[in-house]
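Here's a quick tour of how the copies in this assembly sit against each other, and of some packing inside the chains. Have the structure open while you read.

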Protein chains: 4
Amino acid sequence: MVLSDFKVIAPITVRWGDMDSYGHVNNGVFFTYFEEARLKYFLALDLYKNAGHPDHRPALASVTINFRKQLHWPADLEVGIRATKIGNSSFSLEHVVFRAGLEEVIADGTSVVVLVDYAIGKAISLPDALRDAIRSLDGV
Amino acid sequence: MVLSDFKVIAPITVRWGDMDSYGHVNNGVFFTYFEEARLKYFLALDLYKNAGHPDHRPALASVTINFRKQLHWPADLEVGIRATKIGNSSFSLEHVVFRAGLEEVIADGTSVVVLVDYAIGKAISLPDALRDAIRSLDGV
Amino acid sequence: MVLSDFKVIAPITVRWGDMDSYGHVNNGVFFTYFEEARLKYFLALDLYKNAGHPDHRPALASVTINFRKQLHWPADLEVGIRATKIGNSSFSLEHVVFRAGLEEVIADGTSVVVLVDYAIGKAISLPDALRDAIRSLDGV
Amino acid sequence: MVLSDFKVIAPITVRWGDMDSYGHVNNGVFFTYFEEARLKYFLALDLYKNAGHPDHRPALASVTINFRKQLHWPADLEVGIRATKIGNSSFSLEHVVFRAGLEEVIADGTSVVVLVDYAIGKAISLPDALRDAIRSLDGV
């Protein structure tokens, strides 16, 4: 797993305030790094348009994170993100946090995104336009 | 899975700032709720004393979260936490976020905690005192 | 300045994650404590209704914070808040963070809230209903 | 007040999670932007060395922030910071948050930093080495 495996990459600059009282970047802040990459991925997909309706918007169903290395301020990161699976009403993403310029993995994990019709509060099938956008971006 | 299944429970009051621009509690903030419960669990175990040495301290190896319901401010929560497994150098925890006073599960998930000797930067076997503390608390 | 000077009080439980790598509650987190009190004050004023129009909503113009004591997890706080001045298009608030059950001031400060017509992006005069609500709450 | 007035500038990339449920960057997050600039200023001063003793460390006494413009993700910022006054045991800083590449001020404010001897918990006089470092950096 190397950075060049990813078409969408979010650069992140660690903030001093990302560290906690253990003196390293708080584990939960990696969630924010994943989130930043996911939002950039949504832009790359043109997700809000390809969802087909203003009420049809993504919701996060689950996330997993593995912590590989401790991280301290100051540091620059690159978060690679790509789709690994397209389901009926959801798709799965892989996130990898690299130290910028190095193939050192600080953390990695997954998230599952569901498309929800917020007018009725239910998951809906992914429209073809969205499936095509994911496929053409990541070949999944 | 009900709140009375848990010996250690962390009460959490949702803050307005926990919400994000989707107008609900940010998914990543649940990580903080899990963390708060985990720290209380460490206190209940007297973990820092039972680890046996000041250099032997816990590190989070991984976390998983499932998002079951949307959550909005204001709200009071109770986060139940318990051990589900004791390994050689790690133990596994289950976290469940309930709406206070109700058996409504907002989110649940797991975390794996490793005991690390920070002087050498390596995981070490859990000492018997710590195993006993986990067993006597949660019967695992 | 004692807690009983305040009609509106927001209870806050410090979270472990509120601490930073200096090992105490991060100065910026007090901003969040002030914010929580301010939002409760808005509810006490029925501000969104008394603003008179859905496009007329509050915006924060400025804030000041004085840090009096260091603070560590775990701790319970009570944040007192009250109006000190009503201007043409703004009102001023005083915030005091007390340790719960003690008259120990951890931090204090001020904020200035402006009423904005978001349709035109301009500050507007406070309607009489809002002035009356502030006056009847805090006698200012 | 333009960016070229500042010798120390902290670049900040707004994160999606910096926004709150009003759909703009949360006011309190500007505190984090100020903090990031302040920590870079401390590095530029070699403050920890020039404080003269490991127990002599900075503490934030107060902060003020004025909010000039609304801010939304995505955006790149540059936070200029400089000393405006050297007192006996404290120094004052001015912070200005610019939109990167533009002379548009999003927020500005001040902070007062005190040097504290943490062994006795008291403010102490700024040593000459630290005064000289501030003077040679900002000519104050």
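By what turn and what shift along the axis can chain A be laid on chain C? The turn is 180° and the shift along the axis is 0.0 Å, with an RMSD of 0.0 Å. The two copies are thus related as by a two-fold rotation axis.

Some ground rules before going on. This is a predicted model, in which local features need pLDDT of at least 70 and side-chain atom pairs count only at pLDDT 80 or more, while totals for chains, interfaces and linings use all residues. Residues are numbered from 1 along each chain as its sequence is written, chains are lettered from A and ligands numbered from 1 in the order in which they are written, and side-chain values use heavy atoms, with hydrogens and water left out.

**The two interfaces**

Chain B also goes onto chain A by a rotation of 180° with 0.0 Å of shift along its axis, again at RMSD 0.0 Å. Among the residues of chain B, B:T64 comes closest to that rotation axis, with its C-alpha at 2.1 Å. Both copies use the same surface here, as 100% of the contact residues of chain B recur in chain A; contact means heavy atoms within 4.5 Å. For chains A and C, 100% of the interface residues of chain A are also interface residues in chain C, so those copies meet through the same surface too.

Here are the two side by side. Buried area is the accessible area (1.4 Å probe) that two parts lose on being put together, summed over both.

| Interface | Contact residues | Buried area | Share on carbon and sulfur atoms |
|---|---|---|---|
| Chain A and chain C | 7 residues from chain A, 7 residues from chain C | about 620 Å² | 66% |
| Chain B and chain A | 19 residues from chain B, 19 residues from chain A | about 1,500 Å² | 51% |

**Salt bridges**

A salt bridge here is a side-chain nitrogen of Lys or Arg within 4 Å of a carboxyl oxygen of Asp or Glu. Over all chains, though, the search turns up 24. One of them pairs B:D108 with B:R68, whose closest N and O atoms are 3.0 Å apart. That pair links distant parts of the chain, 40 residues apart: B:D108 is in strand β5 (residues 105-117) and B:R68 is in the loop between β2 (56-67) and β3 (76-86) of chain B. Helices (H or I, at least four residues) and strands (E, at least two) are DSSP runs, numbered from the N terminus.

**Helix packing inside chain A**

Helix α1 (residues 27-45) and helix α3 (residues 128-138) of chain A have axes that come within 9 Å and cross at roughly 105°. That makes α1(A) roughly perpendicular to α3(A); angles under 35 degrees count as roughly parallel, over 145 as roughly antiparallel, 65 to 115 as roughly perpendicular and the rest as oblique. Axes are lines fitted to C-alpha atoms, for helices over the stretch in contact, and angles run from 0 to 180 degrees between N-to-C directions. From α1(A) the contact takes A:Y41, A:A44 and A:L45, and from α3(A) it takes A:L130, A:A133, A:I134, A:L137 and A:D138.

Conventions: Copies are superposed by least squares on the C-alpha atoms of residues with pLDDT of at least 70 in both.
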